[in-house]
There are 2 protein chains.
Amino acid sequence: MSQTIVIVGAVALGPKAACRFKRLEPGSRVIMIDQGSMISYGGCGIPYYISGDVSDPDQLQSTSFHMLRDARFFKEAKGIEVMTETRATAIDREGKLLRVIDLKTGKEGGIAYDQLVLATGSRPRRLPIPGAELEGVFTVSSLDEAVRIKARIAEGQVGKAVVIGAGAIGLEMAEAMSDLWGIETTVVEVQDQILPHIVSPTLARMAQRHMEESGVAFQMGEEVRRIEGEGCVERVLTGQGALEADLVVMAVGVTPNVDLAREAGLAVSERGAIMVNTRMQTSDPSIYAGGDCVEIPNLITGKPGYWPLGSLANRQGRVVGTNLAGGRAEFEGAVGSFVVKLFDMSVASSGLSLSVARREGFDAVSTFVVQFDRAHFYPEKDLLYLELVVEKGTRRVLGIQGIGNKGDGLLARISAVAAILKHRPTTADVSNMELPYSPPFSSAMDVLNALGNAAENLLDGKNRVMDVDQFDEWWNHRENGKTFFMDCRNWGNAEAYVKKYPEHWKSIPQDELRKRLSEVPQDKNIVLICNTGVRSYEAQVFLDEMGFHNTFNLQGGMAAVKKWPGDL
Amino acid sequence: MSQTIVIVGAVALGPKAACRFKRLEPGSRVIMIDQGSMISYGGCGIPYYISGDVSDPDQLQSTSFHMLRDARFFKEAKGIEVMTETRATAIDREGKLLRVIDLKTGKEGGIAYDQLVLATGSRPRRLPIPGAELEGVFTVSSLDEAVRIKARIAEGQVGKAVVIGAGAIGLEMAEAMSDLWGIETTVVEVQDQILPHIVSPTLARMAQRHMEESGVAFQMGEEVRRIEGEGCVERVLTGQGALEADLVVMAVGVTPNVDLAREAGLAVSERGAIMVNTRMQTSDPSIYAGGDCVEIPNLITGKPGYWPLGSLANRQGRVVGTNLAGGRAEFEGAVGSFVVKLFDMSVASSGLSLSVARREGFDAVSTFVVQFDRAHFYPEKDLLYLELVVEKGTRRVLGIQGIGNKGDGLLARISAVAAILKHRPTTADVSNMELPYSPPFSSAMDVLNALGNAAENLLDGKNRVMDVDQFDEWWNHRENGKTFFMDCRNWGNAEAYVKKYPEHWKSIPQDELRKRLSEVPQDKNIVLICNTGVRSYEAQVFLDEMGFHNTFNLQGGMAAVKKWPGDL
C-alpha cells in the first residue's frame, strides 16, 4: 500500500526519517519541506567551520563520500522530493493536509499527507536586551548565519569578540575565534561556572583555567546589560563595564519550535516542547515528531527531559522512519550525555551532575578520582579527572563527569557509564566494570574501577574527603594555624613545597608514618596530600586506627591542585 | 576481633586482596607469601619491557608514584608481612595451617591462618616437543624470565626470533622484538588465523596484514614439530621447513596452578581451575581464591569461563579483601573483554566472536560496518571496523569485535558494549546507544549506532551482505563471467578500477541507478561496491524494488578491501 509522508524540517531528524522510511517502503512517496535554502547539514559542525577546521560550508552539508545533500541528491539518490524555502503554516489534521507557503513566490498551497512528521527543531534564544538586534550580533542558528559570521572574520573585521553564554556551543565558538583567528575573545556567563548544570564547579574551574591559559577571557556571574554601537556592534556592557567587541555571539540556549504543533492542537508540554510517546508519536497518531522540538523521558529521573542534540535527533529519526512504515521501533528516552573539546582538553558527562541530582531530589554525593588513563608504566599516558555522582543509601550511580586530554580516553570511560545508566547501576557496577585491558589502553584497575571504589569508600565512611576548592580556601587561611598540611609523598616530591612554605607544608611520607607518628599534631585539622589521593587515603586509614580522626583526604591530590587556578 | 589472613601468591590479586583487607581491618595480621623473589609486578607489561618502551623492570614493579612494591614497601606502607622465595606445600584445612618451605634455606614450617587466599595464578603452557627445553626457548611467565629474554636481545645475540602462538601475548612479543630491536620475527600459529576465537577470520586477516606490513612474518595453520640447536636454540621446524631462530617465545596459553588446592581437596573444575562462588570463596568457606587460578561465570553463556587477565584479578582481589573483612562483595562474572595494540593498530573485543557463539550453540550471525570514528567533516579522523555478533530470533547482542588505529576510539565503542553485555542487550540497544557526541569525538549517528542498524537490517532480510573474503574469492574467479561487479560510487572513485579492469569493473553511481537500470544484467550475481557499504546498501534496496534480487552488498566496501591482502 503506497502512502504519502510529509516531513516538515530537513535537518537531522527529517532526512533521517525520510531515508529510513523510503528504504523500507520504496513505493511510497516522501515530501520533505524546509523554510531554509540549505538542508541536511551538520549544525554541530558550525564551530569547526568558523575555526577553519572545516574550510567550506558544503562539507557540513555533504555525505561522508562527498556528495552534497541538496534537493537533487535526495531526489536522485534517495527518491525523496524536497521543497526548500517553503514554510509550513498550518496543519489541517481532519483533512490531513499541510498548508504551506513558497517563500520565494509567496504562493500558498496544501500538501495532502497520510502521515506527517514534525522536525521543526529549535531556535537560539536571543536575550531581550538593548542592542541585541545590532549588526554583528549573531546566534549560532543555521549554516546561513555561520557563513555570515565567518565572512566577517575572514574579512578581518573582527579583532575582539564577546560570547554570551558558557555552555558547550559558546565555549566551542570562543575556541574557534580565539585559537585559529587570534581574536581577543571574552566569554560572559551569568552563572558562576562554565558548563553550568553539566559538570561540577570544580571540574568547570579546571576547564576554565585551561581556556584562560589558551587565551580566552571570562567574566563569570555577570549579566550582559546592553549591547551598543552605531549600526554595528561596538561594545558589550556588563556589570564590570564595557567590553569592546566587533562581533557578539549569543549562545544562551534554544527554544523548541512548536507553533505549528500548538496551533494544530497537538499536546505541548509546560516547558514548551512537543509531547511524544516512545514511538515518537504526538497526541495525533498520524503525526510523528522528534529532535529539538520534542521532549523525551529522562531515564534517570523518570521525568521529561529536553536535550537539543543532533545525535538524539538522528537516532530518533530512524525510529520515526521505521514506525511510519508500520514498524514497532521505540526510543525509550535518554540519560543526557555530552562531550566537548576545549583546546587540548576534553570535558564529558553523562547523567546528572551533583547539583542537578540534588535539585531533582536525590540525596546525592560525589567522589573525585585522578588516575592515569593507561598503565602507569606505559610511556605515553595522561591523567583523567573523573567525578561520580551517587545516591546515598541506594548507592545508585546517577551520573559521571570528567576532563581529560583531547584524545578519546575520557570518551571511553564516560561512554561505558553512559551505556549502563539506564539499568540503574550501583557503585559496585562501576567498581567491577569490565573494560578491555592492556597496558597501552587502560590500567589493570582502571580509573573507572578506582572511581567506583572511591565512591564505595566514601559511602562507607572510610574515606573522609576534601575538595580542591575547600583545600584552596584552607590553604589561603593557613596563617590561622588551625590546619596541618601533611604531604604524604616521598621527600623528592615534597621538598620544593617544604622549602617554599617551611611553616606550613609538612612532609611525612606515608610509608614513614608509622615511625613518625609523634610529628602529627593532636589538636589540628589534618589535610592529607599526595599526588592523586591514593597514598593520602592510606595515611588516613592508618591515622584513624591510631586515633587521629580529624583528617581530610584531598581528593585528586596535587594533580587536582595543579589544574586549579593559583600557583601553589 | 583480630584475625590472621594468609595469602599465597603476591602478584595482582594477592596484593590487592591484602591491601584492601588491611585497610578495612588495620588491626588484623596479613601474611603474603610468594615463591618468586619479585612480587606485585604488572605481568601484562612484560612485552613493553622487552620492547624498551619500559626501560627498567622496576617500573613494572613500582606504584604510579615510583615506589618499588617490594617486601619493605608492603611492610612499611601497608603493614603487610611478605615472605618471598617461600613456597606453600600443603594446606591443613582442619588445623587451618599452611605448610611452607623456605626456598633459600630449605627449611619447612607452618603458618596458622584464620582465612586463606589462594592467588596461585597460572603458568605458561610449554609444548611437549623435542627441544622445548633448549636454552633460548622462553615462555612469558615472570619478570625474572623477561629479564633474561631482554638480556639476550640487548647483548645482540638475537637476529632472528620465532614466536609460537598468535594470541595477544604472542603478537605483543612479536611486535616488541620486531619493532624496536629490528629482529626478524616469525609467528607460527596452529590455527588458520591470528587471535583465534577472539575475532573473526576477516578482522584477523586485516590485523595480520598490518603486522606483515610492519615487518612480522607469519606461518599460519602450522604446527611446530621440533626445536633444534646445539645447547642453544638454532632453528624451529614446521611443516614448511626450518626457521632459523636465536630465540623462541612460546605463547600458547596458560594452565591454572591448582595443585595446592586440589591436594587440599578443594573443588577443581574439569577445565582444571579452582571453583569459587560469586563471593570468590572456594568449597571451603575459610579459603578464598581468585585471578588466573579460578574460573568464574561467563555472563553471556551462563557457563563457567576462564580469563587469565590482570584486570579481572585486581578487581576480584578487592572483592576478596572486602569479604575477608566480613563484607558482602560479589564478583558476578565476566563477559570476556580484550584489547591489544599491534603497531599502529588496535584490536578489541568483548563477549563472543561468531565462531565461539556458534560453538556455544547460539544461532548467530554477524554484521560488519566501517565508518569514521568522528564526524566525517572533522579534519582528524580515522576509520573504525566493527563486527557485531547477534542471535537470530531474539536479536540478542552476543559480542562485538573491531579494529582501529592505536588511539582510544575503538576502546570507547567496545567499552560501551562491554558495559551492557551482561544486561542481555538487543540490536535496538546498540542502534539507540547513547554516546556523548560532538564532532571531534563521534558522529551524530555513531559507528556503533550504524552497527546496530546494520544488524537490524540484516536480521530483517533487508541487507543481503557479502564478506570481503567471499568477495575476494569471487573476484579471483571473475573470468567465469558469473558476477557483475558494480561500483556504486561516483565516477571519480570508480575510474581507476574501471580503467584497470575494463571487462569486469562497472561503474554505475548509486544516484544514477534509476536512469541507468538497463545497464544492470538480469542473469548474473550482482556485487554492489562502495566505500563502506552504505551506498551499495541503498542501491540494493532500489534494485530489490526493481526486481533484481540477486544482489550482494559488500560489507565494509572498499575500506574493507583495502585492509585485505592483495592489491585490488
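Mentor: Let us begin with a strand partner: Leu97(A) has Ala112(A), in strand S6(A), as its bridge partner. Please bear in mind that the model is predicted.

Trainee: How many residues lie between S5(A) and S6(A) in the hairpin, and which residue in the turn has a positive phi?

Mentor: Five residues lie between the strands of this hairpin. In the turn, Gly106(A) has a positive phi of about 80 degrees.

Trainee: Turning to Asn531(A), where is this residue placed, and why is Asn531(A) called buried?

Mentor: Asn531(A) is in the loop between strand S30 (525–529) and helix H16 (534–545) of chain A. A residue is buried if 20 or more other C-beta atoms lie within 10 Å of its own. For Asn531(A) there are 25 other C-beta atoms within 10 Å, and therefore the residue is buried.

Trainee: Which residues does Asn531(A) touch, apart from those up to four places away in sequence?

Mentor: Asn531(A) touches Arg489(A), Gly557(A), Met558(A), Ala559(A) and, from chain B, Phe65(B).

Trainee: How many residues of each chain are in contact with the other chain?

Mentor: In chain A, 77 residues are in contact with 77 residues of chain B. Several elements of chain A each supply at least two residues to this side, among them helix H9 (310–324), helix H13 (447–459) and H16. H11(A) gives the most, with nine residues. By kind, the residues on this side of chain A divide into 40 nonpolar, 23 polar and 14 charged.

Trainee: Why are the two copies said to be related as by a two-fold rotation axis?

Mentor: A rotation of 180 degrees superposes chain A on chain B, with 0.0 Å of shift along the axis and an RMSD of 0.0 Å. The two copies are therefore related as by a two-fold rotation axis. The same surface serves both copies, with 99% of the contact residues of chain A recurring in chain B.

Trainee: Into which domains is chain A divided?

Mentor: The division gives domain 1 (4–121 + 255–324), domain 2 (137–252), domain 3 (337–459) and domain 4 (465–563). The C-alpha centres of domain 1 and domain 3 of chain A lie 34 Å apart.

Methods. Residues are numbered from 1 along each chain as its sequence is written. Chains are lettered from A and ligands numbered from 1 in the order in which they are written. This is a predicted model: local features need pLDDT of at least 70, side-chain atom pairs count only at pLDDT 80 or more; totals for chains, interfaces and linings use all residues. Helices (H or I, at least four residues) and strands (E, at least two) are DSSP runs, numbered from the N terminus. A residue is buried if 20 or more other C-beta atoms lie within 10 Å of its own, exposed if 12 or fewer, and partly exposed in between; C-beta atoms are placed from the backbone. Two residues are in contact if their C-beta atoms, placed from the backbone, lie within 7 Å. Ala, Val, Leu, Ile, Met, Phe, Trp, Tyr, Cys and Pro count as nonpolar, Asp, Glu, Lys and Arg as charged, and the others, Gly among them, as polar. Domain bounds come from an automatic or database domain assignment. Copies are superposed by least squares on the C-alpha atoms of residues with pLDDT of at least 70 in both. Two strands pair if DSSP finds at least two bridges between them.
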